[in-house]
Amino acid sequence: AREGTVAAADAAVRRGAAARSRQLYEDAARLADDGVERCDALMAAAEVALRAWRGDHGMRLFREAGETAERNGDDDRAAAAYARCVEIGSRMHGIAGDPPVSELAPLLKRGHELSDDNDIPTRARLRLDDAWLAWMSKDPEAMAKPAQEGLELARRTDDRQLLQNALDAITASDWLQGRQLSAVEHTRERLELLESAPRSHALDVEISDALHMMVLCLVQIGEFRQALEYAKRGAEADRSRGVEFAEYQRELMPSFFLGNWDRAIELGESSRRAWNESGRPPLGAFATPAACTAAAYGYRGDGAAADDWMNHAYNLSSRDLEQTCGVRMFGIDLEVHRGRFDEAVAIGSDPVAGSQWTATYASSRAEAFIRAGRDDAAEAIAWAEPRIGQDRYAEAILFRARGTHASDVALLREAKQRFEQMECPFQAARTAWLLGGAEREEAAATFERLGATPPVD
């Protein structure tokens, strides 16, 4: 019976029926005669769950596999399973229900205790888990060393899945340290590694994630056109796996920044509808794109839709400071556009460091403090400046903020030019509006084309 169930699960995987195949592998685990067969079936179920972006199920199943192996006296298999469980809960926490560090740390500790020094892949994975827990705590210094050591160990193996995990960790470490250009290059290496490998359930998920990461990296350095091309590739990868809610949101943010708001809103609505139809799985990674949709509605004067989408974005972000920072970033900018400067300051009342969105959050926060006439506006600028790193979009916003604060037309023109070079018409127009005269008239035409209301001074 077990063999027949496994065969049926394998067939379901080939058909792309991830939920059905996961359930069949779990059934096979219950029918297993020994701990090894049960552990293997649970691990197979976990991998399929990840293919469908159900990190919550994947984490549960790897944990159960580890406990099964440990009861069976198989320390190596238990350590490997616990390492994967912690990886999902930390590295992929946005699709795993945002488990707290306090839940993951004991599993990681047990994995280290059970691991064999000669098992290089498991040692590498556990060391990378150390890095990912530091990532969750937003501690750049604590993350850097284990990420680098994990990468060095991973390069000693022939495990592509493990190496790409290490490259992902290095990319995250780059983000925390403001090295956005290095993040692009590490993500490019990760993509090349994955796309040269034979297809597998695990690597399909990682290709999708790597494409998503490349989109985010390119957005941060203002390469929105390139980001859109990678987003289209990511959408195709998700479409091939039947993950519809992920497919739709891939192109959303690049489309928004490039000024194609009708497309961005259409994608947001389609993604949310597919997410509802999929049972509303935990998807913290989609919180910032949801806030982007809220902003697009808000810039167009549809307050009810903007509020609904912003609430949706906050609900998706849950306890995840990473994504909450991205949501607030759009919330601040929207309130500044509406002329509700005190409300913008309230959203950005707390400095939030250690997020991939910190640079833009910090620059938008500084702009809000300036527009609200706050006495501590200079302090907000000073807090933002060392956090910009190589984020060209955030840097342009900070140029505008500083230009406004100092009534420096040259800084405003520099900001406008930078937005134009990035092909970001809305922010270019927002900056031109501040310059007045013929440039304000030019901005008004751009707002009309985008369907946006003019900024409130």
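## The largest cavity

The largest cavity in this predicted model has a volume of about 420 Å³. Lining this cavity are 22 residues, of which R91, M92, D209, M213 and A285 are the closest to its centre.

Several helices take part in the lining. At least two residues each come from α7 (120-136), α9 (160-176), α11 (201-220) and α18 (321-338). The biggest contributor to the largest cavity is α11, which gives six residues.

Searching the whole structure turns up eight cavities of 30 Å³ or more. The second largest cavity holds about 110 Å³ of space. It is lined by 14 residues, and those closest to its centre are S271, R272, F286, H312 and L316.

Here α15 (261-277), α16 (287-299) and α17 (303-317) each provide at least two lining residues. The largest share, four residues, is from α15. By class, the lining of the second largest cavity has eight nonpolar residues, five polar ones and one charged.

## The buried side of α21

Now for a look at one helix. Within α21 (residues 377-384), the buried residues are A377, A380, I381, W383 and A384. These residues lie on the same side of α21 because they cover an arc of only 160° around the axis. As a general rule, an α-helix has 3.6 residues a turn, so residues three or four places apart point the same way.

Among the elements that cover the buried residues of α21 are α20 (358-371) and α22 (392-406).

Notes:
Residues are numbered from 1 along each chain as its sequence is written. This is a predicted model: local features need pLDDT of at least 70, side-chain atom pairs count only at pLDDT 80 or more; totals for chains, interfaces and linings use all residues. Side-chain values use heavy atoms; hydrogens and water are left out. Buried means under 20% relative accessible area, exposed over 50%, partly exposed in between (1.4 Å probe, protein chains only). The arc is that of the directions from the helix axis to the C-beta atoms. Contact means heavy atoms within 4.5 Å. On a 1 Å grid over the protein atoms alone, a cavity is a set of points where a 1.4 Å probe fits but cannot get out, and a pocket is an open set with protein on both sides within 12 Å along at least five of seven lines; lining residues have an atom within 4 Å of a point. Grid points are joined across faces, edges and corners, and a volume is the space filled by probe spheres set on the points. Ala, Val, Leu, Ile, Met, Phe, Trp, Tyr, Cys and Pro count as nonpolar, Asp, Glu, Lys and Arg as charged, and the others, Gly among them, as polar.
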